[in-house]
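Hi,

Here is the structure I promised to pass on. Have a look at it first, and my notes follow below.

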Amino acid sequence: MNFDNVKKVKRSKAVTVLDIIIVAVIAVAIGVSAWLIYRKPALTVTVTAPDYARTFSLDEDRTVVLEHITVHIENGKVWVTDADCADKVCERTGVISRGGQSIVCLPHGVVIRIGGESDLQWELGR
């Protein structure tokens, strides 16, 4: 066994400046990625059910009443009330307002998804 190598390892620092720089660069990359993903403004909400599919603007306040669930759109926010399913996960999801967020009611097959500007252009065929 070479004791010189063991002494070198014992004298080395656990964290170096290079390690801190690498961690900082990774953290910044994650932050920028998250900002790029969530930066698109929320413009529409799409409500789909087994026999229903409609897209609404988040600028207009309205209540969408389906057979088993009621969806409220108000002040650019969306939430579910009056779901008649047993688990009520869709109600407990709470308020959503950012592009890419969704509320799902699996027992009734209802999906509520907020879309941003790029989604609106895709839906309009641009």
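Let's start with a charged pair: E91 forms a salt bridge with K88, with the closest N and O atoms 3.7 Å apart (a salt bridge is a side-chain nitrogen of Lys or Arg within 4 Å of a carboxyl oxygen of Asp or Glu). E91 is partly exposed at 29% relative accessible area, and K88 is partly exposed at 30% (buried is under 20%, exposed over 50%, partly exposed in between, using a 1.4 Å probe and protein chains only).

Do keep in mind that this is a predicted model, where local features need pLDDT of at least 70, side-chain atom pairs count only at pLDDT 80 or more, and totals for chains, interfaces and linings use all residues. Residues are numbered from 1 along each chain as its sequence is written, and side-chain values use heavy atoms, leaving out hydrogens and water.

The structure holds 2 salt bridges. R62 also forms one, with E60, and there the closest N and O atoms are 2.7 Å apart.

Now the inside. C90 touches residues including I69, V80 and I103, not counting residues up to four places away in sequence (contact means heavy atoms within 4.5 Å).

Cheers
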